Structure formats: C-alpha cells, structure tokens
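Please read them with the structure open.

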Amino acid sequence: MLSNKMKMLLPILVAIVIALLPTPEGLSTNAHYFFAVFLGVIVGLILEPIPAALIGLTGVAFCATFGLVGESAKASRDWALSGFSNGVIWLIFAAFMFALGYKKSGLGKRIALLLVKYLGKTSLGLGYAVAFSDGILSPFMPSNTARSAGTIFPIAINIPQMFNSTPENEPRKLGAYISWVAIAATCVTSSMFLTALAPNLLAVSLVEKNAGIVIEWGQWFSTLAIIMIPLFLLIPYLSYLIYPPEQKYSPEAPIWAKDELKKMGSITKKELLMLGLGVLALLMWIFGKSIGVNSTVAALAVLSLLVLTNVISWEDVITNKAAINVFIWFATLVAMASGLKKVGYLDWAAGLISNWLGGLTPTVVIIVLVVLFFLFHYLFASVTAHVVALLPLFLGIGMNLIPADMVPSLALLLVGSLGLMGILTPYATGPSPIWYGAGYISQATWWLLGAIFGIIFLSALVLLAFFII
C-alpha cells in the first residue's frame with residue numbers, strides 16, 4: 001500500500017513528467033501542458049490522497065491561473081467557473097437531497113422491510129426483495145452508495161445472521177448470496193435510470209458539451225430499459241443458479257421484518273409527503289420536455305417543496321457535506337473535461353486513434369468502442385474518473401469514424417454502461433467495498449463472479465447496439 005505522502009506526490013510527478021516530454025507533432029504547447037495537469041488530476045482521483053473535490057478544484061485553479069485555457073484572464077475565469085453554471089450539476093445536487101428525504105422520512109427503510117415481509121419466505125424471494133428495494137429507490141437516489149450501502153445494507157445484512165450465516169460461519173448458507181444479489185442489482189439499476197448514479201448525469205453533461213447531443217430522462221430509460229429490465233428481473237435468479245445459497249427457505253425473515261415495521265409504527269405524514277414528491281419529480285422528469293419544464297428546474301422545484309413541507313430542513317440542505325462535495329467535485333471535472341476540447345487535445349487524440357480503426361465498418365467501430373470502454377474500468381476505482389478520462393475521447397473517436405446519425409446511439413451505449421461496469425471488481429463502484437467488506441465473499445470469488453456477470457452485462461450492451469444502431 002502506498003503511503004499518503006506517496007499518493008500526494010505521484011499525481012504531481014506524473015503531471016511534471018508528461019509536461020517535460022517533447023510536445024507531439026500537431027499539438028499546441030498549451031494543450032500539451034493542459035493534458036499533463038489533466039492526467040495528474042485523474043491519477044489523483046484514482047489514488048485520492050485528499051478529497052476528490054479538492055483535487056478537481058486544484059486542477060481547475062492551476063490551469064486558470066497559468067492561462068492554459070482561454071486567451072485572457074476573463075476567459076480563464078469564465079472557463080474555471082463554467083461547471084458551476086451547468087444545469088446537470090444542479091440536478092445532481094437536488095437529487096442528493098431527495099436521497100436524504102428518503103432516509104430522514106424513513107420511507108426507504110419501510111419499503112425495504114415491506115418487501116422482505118412479503119417476499120422473504122425463501123432465499124430466492126429474499127434476493128428479489130433486496131433487488132426490488134434497490135429498484136424502487138434508484139430513480140430518486142443518484143448515489144448508489146447511499147442507496148445500496150446506506151439504505152439497503154443495514155437491513156439486508158441482518159437477515160443471514162438470523163440463520164447463523166456469518167463471514168466466519170457458513171457464509172455460503174445465505175450471506176454470500178444476499179451480498180452478491182445486492183451489488184449486482186444496484187449495478188443494473190444504476191444503468192437503468194439517468195438519476196440512479198451521479199456519474200450518469202456527469203456523463204450526459206459531457207456528451208452535450210462534446211457532441212452537442214442532449215439525452216433526456218425519458219430517452220435514457222426507454223432505450224436502455226430494453227436490456228435493463230430483463231437483466232434486473234434475472235439478477236436474483238441468475239445469482240441463485242451461478243452462486244446458490246445453501247439455505248433455500250427463510251421463514252424467520254418475514255417475521256423479523258414484521259417486528260421491525262411494528263417498531264417503526266404507522267406510516268407518517270413525512271413518508272407520505274416524500275412518496276408524493278418523489279412521484280411528482282419522476283413524472284416531471286419523464287414528461288417535462290413535453291410540457292416545457294427542464295429536468296433541473298423540476299428537481300429544484302421539488303427540492304423547494306421538500307424543504308417547505310419540512311420533509312427535510314434548510315439546515316439539511318446547507319450542511320449536506322456529501323451533496324456539496326459532489327457539487328464542487330463534478331463542477332470542476334466538467335470544466336477540466338471541457339478544457340480538453342477547448343485547447344484542441346481531444347481533436348488531436350481522437351484523430352490519432354481513429355487512424356488505427358479506420359478500416360472498420362461503423363457498426364464494428366461502435367461495438368469495439370463500447371467493449372473497450374467497459375473493459376477499461378478494470379483500471380479505475382472510480383466511475384467518475386473513468387467518465388472524465390475516457391468518455392470525451394471515445395466520443396471523439398466515434399464522431400471521426402461513424403456517420404453523424406449513429407453518434408447518439410454510441411453516446412447512449414457508452415453512458416448506459418457506467419452502472420453495469422461496477423460489477424467487475426471489489427472496488428469498481430461506491431457500494432462494492434461495503435458489500436465486499438462485509439466479508440461473505442472472498443476476493444478471488446468476487447473477481448470470478450465479476451468476470452462472469454461482466455460478460456453477461458457486456459453481452460447485453462452489445463445486443464442492445466444491434467437494436468438501436
């Protein structure tokens with residue numbers, strides 16, 4: 001393991017080494033230096049010696065201070081602040097407040113317990129209860145860590161312990177199966193809905209900036225649902241076949257859930273308000289375009305109602321460290337990613353790589369790009385870092401090699417893969433370390449299952465490509 005000092009030093013060394021290399025032919029010196037800083041930021045995001053938001057902010061501040069982007073001080077300032085005026089960044093911030101509303105009101109916990117109560121008599125039923133809990137919450141919770149690790153984990157992890165299935169004692173009895181279903185389900189739901197994973201929203205913003213393509217909530221769902229709904233419904237059963245629990249029946253689980261629900265008492269006014277406002281937000285995201293309401297405006301309107309109805313307080317809004325951290329983090333990363341295009345680096349790199357793929361048909365190019373984009377996630381411990389580092393480049397390559405009318409399909413396939421790729425490793429997405437850390441699944445088994453389910457998920461994406469191209 002690297003020490004924190006080494007983690008601090010390594011991104012700086014990477015940036016310095018790249019900057020000192022000769023500037024490649026066809027690339028401006030400014031673009032070369034900007035890429036050096038950008039690569040340092042990406043390495044920093046992977047190692048994370050300091051908070052991710054501070055890494056992004058440092059990168060933007062450095063580039064703006066030394067005029068690497070923009071021909072004047074004012075242009076540099078405008079670029080540095082451009083991410084903070086991005087509508088998608090505000091949508092992410094508002095959606096984090098929705099997640100807080102589900103937690104504070106108790107509605108998220110109640111939904112999970114109700115599903116265990118009615119589906120939990122068998123191990124397979126418990127698998128579906130865990131998956132459906134995630135599925136119901138996912139459109140409203142852009143943090144799969146908050147959803148899977150923060151809301152579902154504390155409930156689901158109690159169930160195997162009722163049958164004396166612990167990491168040290170018979171983990172395969174029930175705990176390992178529950179753990180794998182939970183992580184696999186949240187990976188699918190993270191790709192099913194635009195608002196189920198914060199990097200999805202960041203990716204959509206980068207697609208709009210780099211390719212001029214706007215992906216709406218309804219378009220995302222209607223396209224990706226073709227494979228995501230079947231995958232979601234199959235996850236508990238596939239896990240049951242590939243990694244079966246030794247215990248097949250669990251009559252105690254519904255009784256436990258019933259007792260937990262009794263402790264919660266009757267459904268509260270806040271829970272009903274949260275349910276109503278959550279549905280309102282969902283309807284506005286789906287139908288907003290047809291009635292002239294932008295998805296970010298809809299999210300901010302519902303956020304105001306959450307505060308005005310006292311589901312959450314204004315104090316909750318201004319002191320929510322996770323939301324503010326993500327707001328600054330993503331705003332600065334949007335600026336850094338747009339800087340690559342602004343200085344001309346993306347056009348140069350995309351042109352270079354396009355020469356290697358130039359002889360392939362457009363359909364083959366799309367499939368190759370999607371497969372490579374998915375598999376490159378083995379190198380990343382952060383979906384966000386993956387998006388910022390690779391999405392603009394892969395889009396640029398595609399725009400050089402395929403007809404303009406096929407670029408939207410490529411964009412949807414790339415952004416739609418972000419949740420699914422979280423299945424690959426024990427560090428691939430936010431909740432992975434939580435479920436892996438529970439201790440029910442060994443590292444070797446996790447990597448093997450990740451490869452098996454990764455092949456299944458990637459095959460579904462390739463199949464979708466033939467539907468939408």
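1. **Second largest pocket.** This is a predicted model. Its second largest pocket has a volume of about 490 Å³. Helix 1 (4-20), helix 2 and helix 3 (52-65) each give two or more residues to the lining.

2. **Largest pocket.** The largest pocket has a volume of about 1200 Å³. Its lining counts 38 residues. Glu48, Thr145, Trp329, Thr429 and Gly430 are the ones nearest the centre. By class, the lining has 23 nonpolar, 11 polar and 4 charged residues. So much for composition; now the helices. At least two lining residues come from each of helix 2 (29-47), helix 5, helix 8, helix 11 (198-211), helix 17 (321-342) and helix 20 (383-401). Helix 17 gives the largest share, 6 residues.

3. **Glu48.** Look at this residue again. Glu48 is among the residues nearest the centre of the largest pocket. It sits in the loop between helix 2 and helix 3. Most residues other than glycine have a negative phi. Is Glu48 buried, partly exposed or exposed? Glu48 counts as partly exposed, because its relative accessibility is 45%, between the 20% and 50% limits.

4. **Asn310.** A positive phi turns up here too: Asn310 has a value near 70° and is a residue other than glycine. Asn310 is found in the loop between helix 15 (295-308) and helix 16 (314-318). With a relative accessible area of 44%, Asn310 is partly exposed. Please check the backbone at Asn310 by eye.

5. **The cavity.** How many cavities of 30 Å³ or more does a search of the whole structure find? The search finds 1. About 40 Å³ of space lies in the largest cavity. Its lining is made of Ala112, Val116, Ala129, Val130, Ser133, Ile152, Ile155, Ala156 and Ile159. Helix 6 (107-119), helix 7 (123-137) and helix 8 (144-156) each supply at least two of the lining residues. The lining divides into 8 nonpolar residues, 1 polar and no charged.

6. **Helix 21.** Is helix 21 (residues 407-416) enclosed or open? Of its 10 residues, 9 are buried, so the helix is largely enclosed by the rest of the structure. The buried ones are Val407, Ser409, Leu410, Ala411, Leu412, Leu413, Leu414, Val415 and Gly416. Their cover includes helix 10 (175-192), helix 11, helix 12 (217-242), helix 19 (362-375), helix 20 and helix 23 (443-468).

7. **Nonpolar core.** The largest nonpolar core holds 171 residues. Phe34, Trp180, Leu391 and Phe457 touch the most other members. Which residues does Phe34 touch, leaving out those up to four places away in sequence? They are Cys63, Leu68, Val69, Trp79, Met336, Gly339, Leu340 and Val343.

8. **Aromatic pairs.** A search of the whole structure finds 26 aromatic pairs. One of them, Phe62 with Phe66, is tilted: 4.7 Å centre to centre, with 40° between the planes. Phe62 is partly exposed, because its relative accessibility is 40%. Phe66 is exposed, with a relative accessible area of 56%. Trp90 and Phe93 form an edge-to-face pair, 6.0 Å centre to centre and 75° between the planes. Both lie in helix 5 (residues 87-105), 3 residues apart, about one turn of the helix. Trp90 is partly exposed at 35% relative accessible area, whereas Phe93 is buried at 12%.

9. **Ring cluster.** Ring pairs link Trp180, Tyr436, Trp446, Phe453 and Phe457 into a cluster. Trp180 and Phe457 are also among the residues that touch the most other members of the largest nonpolar core.

How values were computed:
Residues are numbered from 1 along each chain as its sequence is written. This is a predicted model: local features need pLDDT of at least 70, side-chain atom pairs count only at pLDDT 80 or more; totals for chains, interfaces and linings use all residues. Side-chain values use heavy atoms; hydrogens and water are left out. A nonpolar core is a set of buried Ala, Val, Leu, Ile, Met, Phe, Trp, Tyr and Cys residues joined through side-chain atoms within 4.5 Å. Buried means under 20% relative accessible area, exposed over 50%, partly exposed in between (1.4 Å probe, protein chains only). Contact means heavy atoms within 4.5 Å. On a 1 Å grid over the protein atoms alone, a cavity is a set of points where a 1.4 Å probe fits but cannot get out, and a pocket is an open set with protein on both sides within 12 Å along at least five of seven lines; lining residues have an atom within 4 Å of a point. Grid points are joined across faces, edges and corners, and a volume is the space filled by probe spheres set on the points. Helices (H or I, at least four residues) and strands (E, at least two) are DSSP runs, numbered from the N terminus. Ala, Val, Leu, Ile, Met, Phe, Trp, Tyr, Cys and Pro count as nonpolar, Asp, Glu, Lys and Arg as charged, and the others, Gly among them, as polar. Rings of Phe, Tyr and Trp (its six-membered ring) pair if their centres lie within 6.5 Å; planes under 30 degrees apart count as stacked, over 60 as edge-to-face and the rest as tilted.
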